[in-house]
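Thanks for coming, everyone. Please have the sequence and the structure open while I talk.

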Amino acid sequence: MASIAIELPHHRYDVVIEAGGLERLGETVRAVAPHRECALFSDGAIADSLGVRARDALERAGYRVALGRLEPGEEHKTLETVRDLYDLLLGTRLERRAPVIALGGGVTGDTVGFAAATYLRGVPFVQCPTTLLAMVDSSVGGKVGVNVPQGKNLVGAFHQPVVVVIDPLVLGTLPVRELRCGLAECIKHAAIRDASLLDLIERDRAPLLSCVPDVLTELVRRNVAIKAAVVMADERESGVRAHLNFGHTFAHAIETTVGYGELLHGEAVALGMIAASALARRLGMCGGEVPVRLREVIAAVGLPTSAELPSDERLLAAMSLDKKVAGGRLRFVLPERLGSVVVRDDVAAGDVSAAWSEIRA
Ligand code: GLY
């Protein structure tokens, strides 16, 4: 078992990474949020499998469990879904100290986390991520929220969990497309902080995609360590946490315009990283080897390197609604070399269009 501590100015919690950790979920939650009751919200696609195991584990630890399920998919990461979660929490009169547990991927964690952040002005929240993407990125660091028709994650909060429980063995039940999406966020971590991780992902892609437990666990541990360090340095994204948005200014515009569900978030991020690194190359910030290497590793793990995209005008309009816009200027996280990025807000629209053309099918 590995446990990575997240030490923040007003809060501390552990990310527990343990093969078989789902069976010990109840004990782990009880250690940080003891109560008679809890609420467990599962992604509907896994509610009858992992959801039942999680409920049993919570009951074994003495919790009375209020159960809810979320419709799977990014299109359900909405205020309407949050309203349904409030109804369940209010219907069971869940008390202020009772934990709310999210079991699922990033959509589930973000949506349930937003309900937990706002129900009774905030209740203890537990992340139990079941996708690689959620394990290495969205479950750690307290960002919760929903999409609105205008764009991704435009309504949300920072609400740190009381514990994150990661059981890499559950990834064996995941569609390979979802695993690839998780690898996109791992490639992002490599690109912003640790170039050696790129080599590892490329070398170990076969055991990773066939879910060899030790290889996956080590990948998760290394990536959570990177995410933890960034979040500890800058909890509220006033500085280096923005580096985690590498590829995301492009990705969010893709997701908003192409439509949620067509491309999964990790696929959009993969495309976004190629576009961002091409933009950095065009601006003379990095050598040509950076976009080449990123594209190579992205392709090696089976992520897309191009897609049918709407017009530049529509993409630029979507970008301008992104919450990373500051003072009316688009903000891009761009590589200087593999393992190091900077934030730029002085990029001309023509250069952005040229970057889009790098990933347009
Ligand atoms: N996923 C980006 C962040 O947590 O800041």
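Glu237 counts as partly exposed in this predicted model, at 25% relative accessibility. Find Glu237 in the loop between H9 and H10. Now check its backbone. Phi of Glu237 is near 60 degrees, which is a positive value, and this residue is not a glycine.

Arg121 is another case to look at. Its phi is also near 60 degrees, again positive in a residue other than glycine. Arg121 sits in the loop between helix H4, residues 106–118, and E6. Is Arg121 buried or exposed? Arg121 counts as exposed, because its relative accessibility is 77% and the cut-off for exposed is over 50%.

Stay with E6 for a moment. Strand E6 covers 125–129, helix H5 covers 132–138, and Thr130 lies in the loop between them. Thr130 is buried, with a relative accessible area of 6%. What does Thr130 touch, once we leave out residues up to four places away in sequence? The list is Ile46, Leu50, Leu103, Gly104, Gly105, Met135, Val170, Leu171 and Leu174.

Met135 comes back in our next stop, Val220. Val220 lies in helix H9. At 0% relative accessibility, Val220 is buried. Leaving out residues up to four places away in sequence, Val220 touches Ile17, Leu132, Met135, Val136 and Ile166. Val220 and Gly182 are 38 residues apart in sequence. In space, C-alpha to C-alpha, they are 9.8 Å apart.

Now helix H7, residues 196–203. Which residues of H7 are buried? They are Leu197, Leu198, Leu200 and Ile201. These four cover an arc of only 165 degrees around the axis, so they sit on the same side of H7. There is a simple rule behind patterns like this. An α-helix has 3.6 residues a turn, so residues three or four places apart point the same way. And what covers the buried residues of H7? The cover includes helix H6 (176–193), helix H8 (205–209), helix H9 (213–233) and helix H12 (289–300).

Next, helix H14, residues 349–359. Its buried residues are Asp351, Val352, Ser353, Ala355, Trp356 and Ile359.

Let us look at one residue of H11. Leu279 is found in that helix. Leu279 is buried, at 0% relative accessibility. Take Leu334 from it. Leu279 and Leu334 are 55 residues apart along the chain. Their C-alpha atoms are separated by 7.6 Å.

Now a charged residue. Glu37 is found in strand E3, residues 37–43. Is Glu37 buried or exposed? Glu37 is buried, because its relative accessible area is 12% and buried means under 20%. Which side chain does Glu37 join in a polar contact? The partner is Arg64, and that contact is 3.0 Å. Leaving aside neighbours within four places in sequence, Glu37 is in contact with Tyr63, Arg64, Leu94, Ala98 and Pro99.

Last stop, the ligand. Which residues surround the ligand? They are Asp137, Lys143, Lys227, Arg241 and Leu244. By class, that shell has one nonpolar, no polar and four charged residues.

A nitrogen atom of the ligand is 3.1 Å from an N or O atom in the side chain of Asp137. For Lys143, an oxygen atom of the ligand is 2.9 Å from an N or O atom in the side chain. For Lys227, an oxygen atom of the ligand is 2.5 Å from an N or O atom in the side chain. And how much of the ligand does the protein bury? Taken alone, the ligand exposes 190 Å², and the protein buries 90% of that.

That is my tour.

Key: Residues numbered from 1 in each chain as written. Predicted model: local features only at pLDDT ≥ 70, side-chain atom pairs only at ≥ 80, totals over all residues. Heavy atoms only, no water. Near = heavy atom within 4 Å. Polar contact = N/O pair within 3.5 Å; in protein donor to acceptor, adjacent residues only side chain to side chain. Areas by Shrake-Rupley, 256 points an atom, 1.4 Å probe, with all protein chains shown as cover. Nonpolar A, V, L, I, M, F, W, Y, C, P; charged D, E, K, R; others polar. Buried < 20%, exposed > 50% of the residue type's maximum accessible area, 1.4 Å probe, protein only. Helix = DSSP H or I, 4+ residues; strand = E, 2+ residues; numbered from the N terminus. Arc of directions from axis to C-beta. Contact = heavy atoms within 4.5 Å.
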